Amino acid sequence: MKRTLGTCYYPEHWPRETWEDDARRMAEAGLTWVRIGEFAWSRLEPTPGDYQFDWLDDAISILGKHGLRVVLGTPTATPPRWMLDKHPDMIALDEHGRPRGFGSRRHYCFSHEGYRAECAKIVTLLAERYGKNPHVAAWQTDNEYGCHDTILSYSDAARDAFQTWLRARYPGTNNAGDIAALNAAWGNVFWSMEYGDFDEIALPNLTVTEPNPAHVMDYRRFASDQVVTFNRLQTDIIRQHSGAPIAHNYMGKITEFDHYKVGDDLEIASWDSYPLGFLEDRITAPDTYKRTYAQQGDPDFQAFHHDLYRAVGKGRWWIMEQQPGPVNWAPYNPSPLPGMVRLWTWEAFAHGAEAVCYFRWRQAPFAQEQMHAGLLRPDSADAPAIHEAREVFSELENAPEAQAAQAPVALVFDYEADWMWRIQPQGQGLDGFDLAFHTYRALRRLGLSIDILRPGADVRGYKAVFAPGVMHLPEDWKQSLCASDALTVFGPRTAARTADFAIPTPLPPALPGLDVTVSRVETIRPDMPRPLHGGGAAQLYVEELDGTAEVILSTQEGASILMASDSNAYLGGWLDDEAMIRMAEWACARAGIETVLLPKGVRRRSDGAHTFWFNHLPQETQVGDLALPPISVTRT
Ligand code: GAL
C-alpha cells in the first residue's frame, strides 16, 4: 500500500487568482490529496435552486492539472441561512428544548424529512456533475457527525421519527407496534409509566427526575440509527454516479452514534486528529500529566483512534484532518514541539493509515478559526508544519511498503456500552470510553500492538481479548468468546445488563466455565481507593465477586478483584494505572504474550514487517539497547 499526504482546502475562502499558486505549492510539498467543498453550500446554492458550480469546476480542474486528487465533501454540515426560512423546524433542539441556532455549523436535526430532501438534492447534483470527474478520487459525506454535541435532538421531527422507530422495534403480530411489549421491555410498571399508544411517547428530556434508562437507551439507539440512514441517503446517491471510495471524517472521542454501523456504508473510515486539543479538552488526567505532554499530546489517545478506525474502516482508514500547529478550540492552545507533526504522521502510518491530510492549507484571517494554524500562514508564507510534511514526504519515497498484520491482543470497544455507562454511570467520572481507553493504555505501556474489535467480531488468531465494560453482551457472542482459544478478560460491568437495560438473572456475568458472580456493585469516592495486595488499587467502581474461580488479584481487605479459569477471567473493578498494568501483565503471561514495560513517553507499534518506536519525550530515552532521540520515530 502506498502512503500519501494531503490537505484540506477552501478555494471559496481565497481569491480565484491564488488557486493556481496554491495548487502548485501543494504539489511541490509532496501532497497527493486535497479535500474541498464540505462547507461551501452557500456558494453552491446562494439562493434556493440557484446552483453555482462553475467555481467548483475551476477549482477541481486547477487542482487536477497539478496532479492533485480531490476528496469532494458534501456540504450538508452547513445548511445556508435561507434553508431556515424554507424549513424553520429543521433546527435541532437541545435537551432543554432550546433551538441550536444559525451562525456556526451543524445546525440541523437528523430526523427532519424536509432537510433530508434538501441534502438528497444537493448531493445528487454534486454526484451527477463530479461522479465521473477524473480528479475527484474520493468523497466525504457531511463533516464530523456528532461534533459540537449534535447527535441528540429533542425536536418534534425527532419525536415523530422516534415513535415510528419504536413501532418497528416492538412490531407485534401485525407490525403496527405492540405497546404492551414496549411497556414490558422498559419496565414501565415502575412509577406508573405505562403507555397506551406509541403516540404518547415523548423524548426522554424535560422529565421531573431521571427518565427510565430503557427509554433513554432506545432513544440513543434511535438517534444513532438516524445518523446511519442520513449518511446512507448520501452514499446511495453518490454510488449511482461515482465509483470513487466514500469516507466520513469522524472526530475524536465522539461516541453518540455507532461508527461501525455508519462505516458499513463507506469504503474508508477517516478521523480528525488534534492531539494537543484532545489532551486539554477530552482527557481526564492530573495537571502534572497534562504539563508533561502539553506540546506532544497524549501518547495513546491518537493510537487508540487509529486502531478504532482501522476496525470501523474494515482495514481502510485515513487521517482526514491532522493538527499542524496551535488550534483555536481547547482551553489552552500551544504549539506542537518541533518534530511532533512528523511523529503524528508516522504514527498514523505505523497503525495502517493510507493517507494523512493536514488541516488546513492556509490559516484563515477571518471568522471562527482565525487562530487555527495551517500549513501556510495567513500571509501565505510557510508555517512550520509544512517543513515537517515535506520531510515525511521525502522519507516516504524510500520507506518500505506498509504491511497489515493481526495484533496479538484485541480490545473490544462497543458504542452501545458507552451509551449505557453514560445513562447509568452510578458514580461520577465513570464512562465506557474511558474504561476502554484506560485498558488500552496499560496494554500499550507493555509494548503491545492492539486491534480494536467491534461487538460480535471473530476473535480467531488472538491470544488475548479484553472486553471491559461491555454492559450488554449478546448471549451467542458471550458463548463464542468463552469458547475461543484466546484468554478473554471480561469486566468490570461486562454482561451486566440485558438489551432492554435490565439486570439479568442469573446474575452477571454468567460466563460458561467461570464460576464468578457479581453479587453487589459499589461506586466509591476517588479519594478512597481500595489498595490491592502486591500494588495498585481498585477505585471508583468496585464489584463484590462470589464464586470458586481462582483469585488472581484481591484487595488488602481480602475481596476478590480478578478471578480466572484457564482461558477466561473476570475483572470486578476499575483499576488504577499500576493495577491495570499488573492485570494486563498477568493476562499476557497466561496467554503466552511477551511484554516489556516501556518508559512512560515511549510507545511502539509493529505492522508485521517493522517495529516503530515513538519517543514523545523531549529527551533521549533508553529502551534496552535502543537509544531513542528526543521527539522521534525510530524503525527497527
Ligand atoms: C474539526 C473540523 C474542521 C475544523 C477543525 C479545527 O473538528 O472538522 O472543520 O473546524 O476541527 O480544529
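Predicted model: local features only at pLDDT ≥ 70, side-chain atom pairs only at ≥ 80, totals over all residues.
Start with Glu144: a polar atom of its side chain lies 2.5 Å from an oxygen atom of the ligand. Move on to His372, where an N or O atom of the side chain is 2.7 Å from a ligand oxygen. In Glu321, a side-chain N or O atom is 2.9 Å from an oxygen atom of the ligand. How much of the ligand's accessible area does the protein cover? On its own the ligand has 310 Å² of accessible area, and the protein covers 98% of that.

Now step back and look for empty space. Rolling a probe the size of a water molecule over the atoms shows where such space is left. The ligand sits in the largest pocket, which has a volume of about 1,000 Å³. This pocket has 34 lining residues, and those nearest its centre are Phe39, Ser104, Arg105, Gln368 and Glu369. By class, the lining of the largest pocket comprises 14 nonpolar, 11 polar and 9 charged residues.

Next, find the second largest pocket, which holds about 840 Å³ of space. It is lined by 28 residues, with Thr284, Ala285, His438, Arg441 and Asp577 closest to its centre. Helix 16 (432-445), strand 15 (537-546) and helix 18 (577-591) are the elements that each give two or more residues to this lining. The largest share, 7 residues, comes from helix 16. Here the lining divides into 14 nonpolar, 5 polar and 9 charged residues.

Finally, turn to the cavities. There are 4 of them with a volume of 30 Å³ or more. Among the residues lining the largest cavity are Phe413, Trp421, Phe433 and Pro468. Its lining has 8 nonpolar, 2 polar and 2 charged residues.

The second largest cavity has a volume of about 50 Å³. Its lining includes Cys109, Phe110, Ile151 and Tyr219, and helix 8 (residues 213-241) gives the largest share, 4 residues. This lining has 7 nonpolar and 3 polar residues, with no charged ones.

Methods. Residues numbered from 1 in each chain as written. Heavy atoms only, no water. Polar contact = N/O pair within 3.5 Å; in protein donor to acceptor, adjacent residues only side chain to side chain. Areas by Shrake-Rupley, 256 points an atom, 1.4 Å probe, with all protein chains shown as cover. 1 Å grid on protein atoms, 1.4 Å probe; cavity = no way out; pocket = protein on both sides within 12 Å on 5 of 7 lines; lining within 4 Å. Sits in = over half its atoms within 2 Å of the grid points. Points joined across faces, edges and corners; volume = space filled by probe spheres on them. Nonpolar A, V, L, I, M, F, W, Y, C, P; charged D, E, K, R; others polar.
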